Amino acid sequence: MAHALISTPFTASSTADEVLRGTDLAGVRTIVTGASSGLGIETARVLAAAGAEVTLAVRNTTAGDAVAEAIEKSTEGMRPRVVRLDLADRNSVTRCVDAWRGPLHLLINNAGVVTGGLERTPEGWELQFATNHLGHFALATGLHDALALGAADRDGARIVSVSSTAHMRSGVNFDDLHFERRSYDPQIAYAQSKTANSLFAVEATRLWASDGIVANAVNPGGIATGLQRNFTTEQKDSLAAAEAAGVFTYKTVEQGAATSIVAAVAPEFAHSGGHYLDDGQEAYTVPDDADLAQHPHGVKEWALDPATAKRLWTVSTGLLRA
């Protein structure tokens, strides 16, 4: 029997500031990846404005420093810390994990990359899967003990895994994760990585809920950010066609960050994980063959399947240990 979907007072038009109105996050230690542009900046800003101790985990620390300064000035609060994190570089992730001290209460895996063609890491991994999933997987598992400490002193810790409607285009192809045998399609590669982001939340919650840690995946919706800067003409045309078909309506960055903040602070998700949120609500599940245009606010079964989530966790662990 399907469970009753978790609902909140928020909608597609809610902003991150509205979600946090009246919330005091003093003492909440937070990491936001990809916080030097787009959704990451707004997510970090509203958390800092609510009193959280925010760390910006970014590839470009110069850009990160500029964001930290702007947040400090706009919120009149504590200046966010800036640390370097390149999710496609295992050594960078390890350094970031090793440098962390003390408890962590909130990890927002927000960073993402879109490529216009096939790019690989030094290990030979397809770059979108390596960055969007494997890098965040390594970061979260490396910070597990810090999250457990955070859970112990604040009645729970949370992970927010930023996914996308794009997950509906593809499940995880375990037979060819890195496009070594099939022809490369950057949209399918991105979709696979976004499905993986959702599956991570499912298995992380199963494994870590007993430690007080829950993880949820979110779809921020369609927002024009730097993520689209590498789009090919084909990708841009596909996006325009999806918008014309009513698959999505563009949101502002303030609205786009709202669902991440719902997963981060809403009491409805304090101790409940493994969900996929859309427009501030838990999304309804649709079959894997469902049409995206007919279900723009749904989540496919392949993105929440417990057996697939467990398999992906095992495969990801193996890749990172190799």
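1. β1, α2 and β2 together make a right-handed β-α-β unit; a crossover is right-handed if, with the strands pointing away from the viewer, the path from the first strand over the helix to the second runs clockwise. Helices (H or I, at least four residues) and strands (E, at least two) are DSSP runs, numbered from the N terminus.

2. This is a predicted model, in which local features need pLDDT of at least 70 and side-chain atom pairs count only at pLDDT 80 or more, while totals for chains, interfaces and linings use all residues. Residues are numbered from 1 along each chain as its sequence is written, and side-chain values use heavy atoms, with hydrogens and water left out.

3. Strand β1 (residues 29-33) pairs with β2 in the parallel sense over five bridges, and V32 has L56 of β2 as its bridge partner. β1 also pairs with β4 in the parallel sense, over three bridges; here I31 has L107 as its partner. Two strands pair if DSSP finds at least two bridges between them.

4. Five of the five residues of β1 are buried, meaning under 20% relative accessible area, with exposed over 50% and partly exposed in between (1.4 Å probe, protein chains only). R29, I31 and T33 point one way from the strand, and T30 and V32 the other way.

5. The largest nonpolar core has 38 residues, and L20, L25, L47, V54, L56 and I261 have the most contacts inside it. A nonpolar core is a set of buried Ala, Val, Leu, Ile, Met, Phe, Trp, Tyr and Cys residues joined through side-chain atoms within 4.5 Å. With six residues, α10 gives the most to this core. Apart from it lies another core, of 34 residues, including L143 and W313.

6. How many aromatic pairs does a search of the whole structure find? The search finds five. Rings of Phe, Tyr and Trp (its six-membered ring) pair if their centres lie within 6.5 Å; planes under 30 degrees apart count as stacked, over 60 as edge-to-face and the rest as tilted. F179 and Y184 form an edge-to-face pair, 5.0 Å centre to centre with 75° between the planes.

7. Why is the pair of F200 and W313 stacked? The ring centres are 5.6 Å apart and the planes lie at 5°, so the pair counts as stacked. This pair links distant parts of the chain, F200 in helix α7 and W313 in helix α11, 113 residues apart. Both F200 and W313 are buried.
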